[in-house]
Amino acid sequence: MTEHDFAVIGGGLVGSAIAWGLAGAGKRVALLDEGDVAFRASRGNFALVWVQSKGLGMPEYARWTRASSDAWAGFAQELREETGIDVAHQRPGGFSLALSEDELVRRDTMLKRLHNQSDLPYEIMDRTRLQKMLPDIGPEVVGGAYCPLDGHANSPRLLRALHTALKQRGVAYLPEHGVDRIEHRGGVFVVHSGTRTVEAPRIVLTAGNGNRKLGEMVGLDVPVRPQRGQIVITEKAAPFLNYPVVTIRQTDEGGVMMGDSLEEAGFDDRIGLGVVGTIAERAVRMFPLLGSLNVVRTWAALRVMTQDGFPIYEESRSHPGAFVATCHSGVTLAAAHAKLLAPLIAADGLTDDFTAFSAKRFHVSSAA
Amino acid sequence: MFHRLPDLADAALVTLTIDSEVITARPSDTVAAALLAAGHAACRETAVSSTPRGPYCLMGVCFDCLVTIDGVGNRQGCLVRVREGMHVETQRGKRVAGR
Amino acid sequence: MSETCDLAIIGAGPAGMAAAATAARLGLDTVVLDEQPSPGGQIYRAITETPVRQGTIFGDDYWRGLDLARAFANSGARYLPNSTVFSVDSRLEIGVSSGGKARLLQARHVIVATGAQERPMPIPGWTLPGVLTAGAAQILLKSAGLAPSGRTVLAGSGPLLWLLAAQLQRAGGTLSAILDTTPRMTFGVDMLSFLASPYLSKGRALMRETKQQIAPIDRVTGLRAEGDSRLRRVSFTDRSGVADHIECDTLLLHQGVVPNANLAMSIGCTHRWDDAQLCFVPTLDTWGHSDVAGVSIAGDGAGIAGAESAAERGRLAALDAACRLGRIDQATRDREAETPRRVLTKYGRGRAFLDRIFRPIDAHRIPAGDTLACRCEEVSAAQITEAVRIGGTGPNQLKAYLRCGMGPCQGRLCGLTVTELIAQARGKTPAEIGHYRLRPPVKPITVAELASLPRSEAEANAVARQ
């Protein structure tokens, strides 16, 4: 018998949430992670718990996102009770703002389709209505879309809360354990990290963009690629923004985050002034009072992107017991991963509901 | 507490205000130097815990001498020279966006 | 369109001024960007405009800066004071903020001459108003003719402590106490080299001068600044282990200086831990060129060596830049480098000895309990230790956990402390732990300034949504 029931590979938000859930289901878990310097979307995300733009083209994903959004408050409360750490989850509803009629029409069209597909609640607001909820919008804002299900949290604190809870739940968190090889021997996975090994009958790959390589070792096709996003944050300001906007939000600590970009830049996670400058420019047009705040940091991080932007959840056919969980919405989906996905993986494995998330969808002939 | 040396080059002093207090300073002073010369060891309460802080390094590194200068918050007092008629305000907690 | 130049020098201290004068003489279109309103850096602060008439209080070494400043002023180099560099990218495009406006400057070569900053001294109470660095007191003296009045205590160790004590005394000030935290001196072979150092006689003279007026309390440990909303007293443990305290209005702390490395780190220049100087220093060739093409580092930012060496390192970097940019050939560069290298050798003697005897004690570098490591985000030593316990391995993961290093100073006042705290908690070396990853802007600029920067169509399109 191995020391662990599960080896979860990747200690970011996805892996930590799943490890937390597995431990909650009574499993003995080892969580392998890289070290201090790694590509970590968990440290670079925008911290939205977001519903309004998710899942057009895949109703299962829209449903999954909404389930996570619904589970988030309870998840946050459980973490608070367990660790004393408040991850500042709020669900006041969120906005996307348009700086032109054209932008507004396109947003409306997209949301209308999502509404028709998945019954998404949303509302298009004109300037006058917007101003009642967002009094500081600039004159260029022509309108916006509001979805009452949207919210946000403090994602770095979520990482700390999860890691604190993992310690309490007896999970063996193993940082500086980058994985270079996985073997499957007699029903046991042997995970190699340098000269060290961790053995477990079941494994979950949650290594973000690292899942592509790890997947190959256990017969899983994980076609993910890095997509760069850049973010700007200001010094702490007194609260003035009561709702998250898809590209602007004020953290519970006071800093205003502005995002983000979508760039195909491989594994280059450097920032560029032209991009962060554009982000700042759009933000100031939306909220002119941001202009005088000082920027204290910028950063770039790499999203974990599939071709269609939707997650992959799958168990290997050739290596039963090897699962992959990968997505670019580790914050939004944290509650679902912890409370819904992990118990399934801990029990009998993924149910038929997850068939849609299989990477096989990328190989279906378009001529069919 | 800081005091001026007795033998300094002649200079036409400038007048500025710190909150409601009117003070004079030498034109080559930074705001942080003028604050210390006027007996203010503290210039703000922090944005995190509202505890008092004052100028610490005077060379632009520590960001503890943050003050509101002519309506603009969180400026480094040690990097800005005084000007005639300048309004300096000490800060309480987080800066207010838009000023 | 951004402005252009051959050589951009960042910082107008001894290294920057000397580099500029050399480069301009060799015909390079040279720009010097400096955050301060007048040249000199911190060591020669206000050298061209100090209001203090009795110049002797600063000593001859200070006035030597005037020659550098004059040579710089007459060199033809473009000088941009009040200009804060917030970014340099790998293409050598420089982001500059001045008067609330940001702009870009395209250089063909960059010399980072950002000098030194005080080493953090995270003792309990170090954030209380009334606690300043010794360097701060010296800056006030030079630039504003201000000296501490009331009860003043100077605490810590290192040559600057004695220099400041002497300067304050010459200025007519009195110190309530000097609390010398230098541990008991032990002899080593490095001392032989120090016997030939120009700093030996200067240091001795300063200590003798200071001690005529005040007897320092030596081998002090356990420093604490105490008070409620401001400093009231400093407590400490004397050499015999007895606890004591002194009521005071101003406490000036100093335990050496370290490279002001944020800009160089943000450019991507590799830094390594220097166990003798207890700080990160850049990896450079003998000309000061870093591992980023076109970026050199000169002065104390290249490793602490003092003002005289800084100027020579500035000259070497400028000669090398001129050679790389095709202004002079290698033979000329090497010939012109002979004098600077000779002077460097002279002032380099005994550095190892100084680093060793003035090595700040662990307790004043690696705090414990409630003592703040990160002043900006108010993160305590105990929180950092706890974060290591839950699995934090290094400073970047701790940023995420605790926000340490994420405030406006961007880790300048906590970077070394956090690295050493993690190293201690994990039983590793600081070299294994590493430093915060730094990103531009390395100095805050407003959102409006950032928004005003030019961009390409591709960059603009990367942000367009919906």
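First, a term: helices (H or I, at least four residues) and strands (E, at least two) are DSSP runs, numbered from the N terminus. This is a predicted model, in which local features need pLDDT of at least 70, side-chain atom pairs count only at pLDDT 80 or more, and totals for chains, interfaces and linings use all residues. Residues are numbered from 1 along each chain as its sequence is written, chains are lettered from A and ligands numbered from 1 in the order in which they are written, and side-chain values use heavy atoms, with hydrogens and water left out.

Start with Thr22(C), in helix 1 (residues 14-25) of chain C. Is Thr22(C) buried or exposed? Thr22(C) is buried, at a relative accessible area of 6%; buried means under 20% relative accessible area, exposed over 50%, partly exposed in between (1.4 Å probe, protein chains only). Leaving aside residues up to four places away in sequence, Thr22(C) touches Arg315(C), Ala318(C) and Leu319(C), where contact means heavy atoms within 4.5 Å.

Now chain C as a whole. Its secondary structure comes to 17 helices and 22 strands. The radius of gyration of chain C is 22 Å, close to the 23 Å from the globule rule for 466 residues, so chain C is as compact as a globular protein of that length. That radius is taken over C-alpha atoms, and the rule is 2.2 Å times the number of residues to the power 0.38. Of the 466 residues in chain C, 64% are buried.

Next, some backbone geometry. Most residues other than glycine have a negative phi, and most peptide bonds are trans. Ala46(C) has a positive phi, near 60°. Ala46(C) sits in the loop between strand 2 (30-33) and helix 2 (60-73) of chain C, and is buried, with a relative accessible area of 2%. The peptide bond from Pro440(C) to Pro441(C) is cis, with omega near -5°. Pro441(C) is in the loop between helix 15 (430-433) and strand 22 (445-446) of chain C.

Last, a sheet in chain A. Three strands form an open, antiparallel sheet in the order 4-6-5; two strands pair if DSSP finds at least two bridges between them. Why is one side of strand 4 (94-98) and of strand 5 (123-126) of chain A left without a neighbour in the sheet? Because both stand at the edges, each with a single partner strand. Strand 5 of chain A pairs with strand 6 (residues 143-147) of chain A over four bridges, and Ile124(A) stands opposite Ala145(A) in strand 6.
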